Amino acid sequence: MLTVIIIMSVGMIAGFILRKYKKLYQGLDKTVSYVIYLLLFLLGITVGQNETIIRNFHLIGLKALLITVASVGGSILLAAVVFHFFFRHDHIELGTEDDVHDGAEVSAKKLQGEDA
Amino acid sequence: MKNSLIILAFFAAGVLLGALGDAGGWIPEALGSMSTYVLYVLMCLVGFGIGGDTDSLRVLKETNLKIVLVPLSIVAGSLGGAALISVFVQGLDLQEVLAISGGFGYYSLSSLFITELRGELPGTIALLANIMREIITLLMTPLFVRWAGPLGPIASGGATSMDTTLPIISLYSGKQYAVISLFNGIVLTVLVPFLVPFILSF
């Protein structure tokens with residue numbers, strides 16, 4: 001965990017120093033996507049290799065899924081409420097300026113449309 | 001949605017290869033540690049993007065105190081949701097369900113604590129549940145942003161919102177939210193080793 005934070009901080013400092021060179025950031029989102037695909041593939045292999053998880057998945061997996069869905073659902077619900085009352089204004093302001101990924105752009109536009 | 005499907009396809013291919021390859025014995029040992037290094041590369045790239053993005057620093061200045069509301073709402077929402085469904089989970093009591101939920105995706109540590117305090121079955125369920133939390137976030141972030149706004153995947157990611165799920169959150173919620181995501185992940189990660197034993201101590 002600590003290593004990850006240190007590595008990211010180094011990246012952040014490098015990014016901050018080089019922020020004037022816009023060309024460096026053009027392909028960054030795409031590269032991040034590809035690395036995520038690779039990471040998910042590797043995570044899949046680890047899960048597939050774990051015999052305990054695979055063999056008992058239907059039994060304990062169902063309970064785990066139920067707890068996870070309830071936790072995720074509850075936290076997303078409250079986070080949506082917090083966003084609605086405290087963060088919405090900032091989002092609209094910044095959403096128009098930032099060249100974000102199409103998924104976020106769509107939602108930003110949708111939010112603007114609904115709340116304008 | 002298209003991106004979620006691509007991610008799901010990569011993950012499913014990995015599971016298949018892992019299950020088949022493990023039986024055949026042709027998966028190199030180094031693969032497990034390799035993903036750690038891939039994560040490092042990813043985090044460096046993400047950091048580079050955040051550092052070069054002047055908007056994110058401005059957001060942290062503008063958001064100031066209300067940023068604390070993000071981890072607070074996630075703790076309350078997770079535990080509340082888990083408490084509601086605990087009656088349907090056979091074989092686990094309320095405390096165990098809450099402790100599993102209180103891992104916030106930090107599966108290695110929370111499952112270890114729960115195994116030690118309550119035995120292997122709740123420990124294994126904790127491991128699975130918290131891995132699922134990470135996987136669900138990775139797969140469904142585009143949908144969560146559409147349903148609940150940019151804080152949606154941060155809530156879903158929980159403690160993982162500072163590392164493994166940060167790249168995809170930054171991609172779909174926008175880079176301005178990467179700082180909030182990081183802050184949230186750090187707070188929840190620090191909280192887990194205190195909260196899980198605390199829940200089980202009653």
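Tutor: Chain B contains ten helices and zero strands, where helices (H or I, at least four residues) and strands (E, at least two) are DSSP runs, numbered from the N terminus. Along the sequence, the pattern of chain B reads α-α-α-α-α-α-α-α-α-α. This is a predicted model, in which local features need pLDDT of at least 70 and side-chain atom pairs count only at pLDDT 80 or more, while totals for chains, interfaces and linings use all residues. Residues are numbered from 1 along each chain as its sequence is written, chains are lettered from A and ligands numbered from 1 in the order in which they are written, and side-chain values use heavy atoms, with hydrogens and water left out.

First, the setting in chain B. A compact globule of 202 residues would have a radius of gyration near 17 Å, and the 18 Å of chain B agrees with that; the radius is taken over C-alpha atoms, and the globule rule is 2.2 Å times the number of residues to the power 0.38. Along the principal axes, the C-alpha atoms of chain B fill a box of roughly 50 × 45 × 25 Å. Of the 202 residues in chain B, 60% are buried; buried means under 20% relative accessible area, exposed over 50%, and partly exposed in between (1.4 Å probe, protein chains only). Among contacts in chain B between residues at least 6 apart in sequence, 67% join residues at least 24 apart, a contact being heavy atoms within 4.5 Å. Chain B exposes about 8,000 Å², with 72% of it supplied by carbon and sulfur atoms; such areas come from the Shrake-Rupley method with a 1.4 Å probe, and for residues only the protein chains shown count as cover.

Chain A has five helices and zero strands. From the N terminus on, its elements run α-α-α-α-α. Buried residues account for 40% of the 116 residues in chain A. The accessible surface of chain A comes to about 6,700 Å², and 67% of that belongs to carbon and sulfur atoms.

Now the charges. Chain B carries 8 positive and 11 negative side chains, and the centres of the two sets lie 17 Å apart. Lys and Arg count as positive and Asp and Glu as negative, while His and the chain ends are not counted; the place of a charge is NZ of Lys, CZ of Arg, CG of Asp or CD of Glu. Over all chains, a search of the whole structure finds three salt bridges, each defined as a side-chain nitrogen of Lys or Arg within 4 Å of a carboxyl oxygen of Asp or Glu.

One salt bridge joins K175(B) and D29(A), with the closest N and O atoms 3.8 Å apart. This pair crosses between chains: K175(B) sits in the loop between α9 (166-173) and α10 (178-200) of chain B, and D29(A) sits in helix α2 (residues 28-49) of chain A. K175(B) counts as buried because its relative accessibility is 17%. D29(A), at 24% relative accessibility, counts as partly exposed.

Another salt bridge is formed by the side chains of D93(B) and R118(B), at 3.2 Å from N to O. The two residues are 25 residues apart and link distant parts of the chain, with D93(B) in the loop between α4 (69-85) and α5 (94-101) of chain B and R118(B) in helix α6 (residues 107-118) of chain B. D93(B) is partly exposed at 34% relative accessibility, and R118(B) is partly exposed with a relative accessible area of 27%.

R118(B) also meets E96(B) in a salt bridge, at 3.5 Å from N to O. E96(B) lies in helix α5 of chain B and R118(B) in helix α6 of chain B, so this pair ties together parts that are 22 residues apart in sequence. With a relative accessible area of 9%, E96(B) is buried.

The loop between α5 and α6 of chain B holds F104(B). F104(B) has a positive phi of about 50° although it is not a glycine. At 0% relative accessibility, F104(B) counts as buried.

For a residue elsewhere in chain B, take L20(B), in helix α1 (residues 2-24). L20(B) counts as exposed because its relative accessibility is 54%.
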